Amino acid sequence: MSTKKRNWKPQTALVHAGTLRSQFGETSEAMYLTQGYVYETAQAAEARFKGEEPGFIYSRYANPTVDMFEKRMCALEGAEDARATASGMAAVTAALLCSVKAGDHIVAARALFGSCRWVVETLAPRYGIEATLVDGTDIANWEKAVRPNTKLFFLESPTNPTLEVVDIAAVASLANSIGARLVVDNVFATPLQQKPLQLGAHIVVYSATKHIDGQGRCLGGVILSDKKWIDENLHDYFRHTGPSLSPFNAWTLLKGLETLPLRVRQQTESAGKIADFLAEQPQIARVIYPGRADHPQAAIVKKQMSGGSTLICLDVKGGKQAAFALQNALDIVLISNNLGDAKSLITHPATTTHKNLTDEARAELGIGPGTLRLSVGLEDTDDLLKDIAQALKAK
Ligand SMILES: *Cc1c(COP(=O)(O)O)cnc(C)c1O
């Protein structure tokens, strides 16, 4: 085991950082499928519970395989500490609930992953935490929404599904000016293409289910922040409410991290080519892709992201019927609401991920009846382009 801080580049950290090697010297990370841990003596148990001796106590608190995943994520993100969770939603919920209490106020960008929006808009108010949802693309809207009791800002960038981009540094600076914290859900950008902590965010959350696994196998999540916030705000909540990640899933995600840069690079390269192709097709009304010069917030993309995206948002002319026909005519690209997968996936937000919103709320977010979200996978780019071209003709 080595906990020494090294000056590794991300691709090296993702293969080696955080490894806890057992006495057997295994090459691949060991999977510690255990609930509990035994102590040599009663005195050792007492010392461990007192925190006088390092070691594991119970896997709801910590587990060696999960610990490796957390340490590797810290190395990638440049965070002091992390806690891994059973899903992305467990991470978001913990990050929000541990940042506010009854009487506090949250300001969030309205373009949020559906379940995140439910937590902010429906769950939080049940416990006396008020929330205001704003169009996050204009910093003036955040400023206007601030109240004396605003304690937390929450955003996702790029957003799901319309790939809007929020100026993270500007929101972080507003948060600092009023003593509030900023939580960024960085799923769509991936930890490789955007570094919210460097931009001033206080807490970063991921659904590891997406690009970090990237192969459709398991759910997971992670919360990253400074050690003080985790010790003082998250630690007890985490131990006592039990959103912990299973060691098996942590192991799967560790394997995912090893290939994350290769996959994200390939998927982003393909997505860029597909976005350019789609933008030229007469059947397509609009393409939104953070890597293109015609993205509505291209200047902010350039400022805070180091790559485009593995996702593309497109509007098909002819509304729902045309969007459905295009999806049904695709051969390689599968119809699924997941994203970041090795397999290319397409979804119609208005009837799936965003079906619970009113027509008005969907329109505010730019989700129309012809809107589709394409998550570009690892297939050969030319095969994907051919598949999309034949589907556009066939529909
Ligand atoms: C998928 C997703 C989540 C939720 O993650 P799960 O692992 O499905 O619980 C949260 N935020 C964003 C942006 C997502 O894409």
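Let me begin with a cut-off: a residue counts as buried when its relative accessible area is under 20%. The model before us is a predicted one. In it, His 354 has a relative accessible area of 3%, and is therefore buried. Where does His 354 lie? Its place is the loop between strand S11, residues 345-347, and helix H13, residues 359-364. Leaving aside residues up to four places away in sequence, His 354 touches Leu 112, Asn 160, Pro 161, Pro 349, Arg 362, Leu 365 and Ile 367.

I turn now to the nonpolar interior. In soluble globular proteins, nonpolar side chains tend to be buried together. Here the largest nonpolar core has 26 residues, and those with the most contacts inside it are Phe 69, Met 73, Ile 212 and Leu 224. Two or more residues come from each of helix H3 (64-77), strands S1 (81-85), S6 (203-207) and S7 (221-225), and helix H10 (247-279). Phe 69 itself, again not counting residues up to four places away in sequence, has contacts that include Ala 84, Ile 212, Val 222, Leu 253 and Leu 257.

My last topic is a helix pair. Helix H4 (residues 88-97) packs against helix H9 (residues 227-241) at an angle of about 120°, the axes being 10 Å apart. The angle makes H4 oblique to H9, and their crossing is right-handed. From H4, Thr 93, Ala 94, Ala 95 and Leu 97 meet Trp 229, Leu 234 and Tyr 237 of H9. By class, this contact has 6 nonpolar residues, 1 polar residue and no charged ones.

Definitions and conventions:
Residues are numbered from 1 along each chain as its sequence is written. This is a predicted model: local features need pLDDT of at least 70, side-chain atom pairs count only at pLDDT 80 or more; totals for chains, interfaces and linings use all residues. Side-chain values use heavy atoms; hydrogens and water are left out. Helices (H or I, at least four residues) and strands (E, at least two) are DSSP runs, numbered from the N terminus. Buried means under 20% relative accessible area, exposed over 50%, partly exposed in between (1.4 Å probe, protein chains only). Contact means heavy atoms within 4.5 Å. Axes are lines fitted to C-alpha atoms, for helices over the stretch in contact, and angles run from 0 to 180 degrees between N-to-C directions. Angles under 35 degrees count as roughly parallel, over 145 as roughly antiparallel, 65 to 115 as roughly perpendicular and the rest as oblique. A crossing is left-handed if the near helix is turned anticlockwise from the far one by less than a right angle, and right-handed if clockwise. Ala, Val, Leu, Ile, Met, Phe, Trp, Tyr, Cys and Pro count as nonpolar, Asp, Glu, Lys and Arg as charged, and the others, Gly among them, as polar. A nonpolar core is a set of buried Ala, Val, Leu, Ile, Met, Phe, Trp, Tyr and Cys residues joined through side-chain atoms within 4.5 Å.
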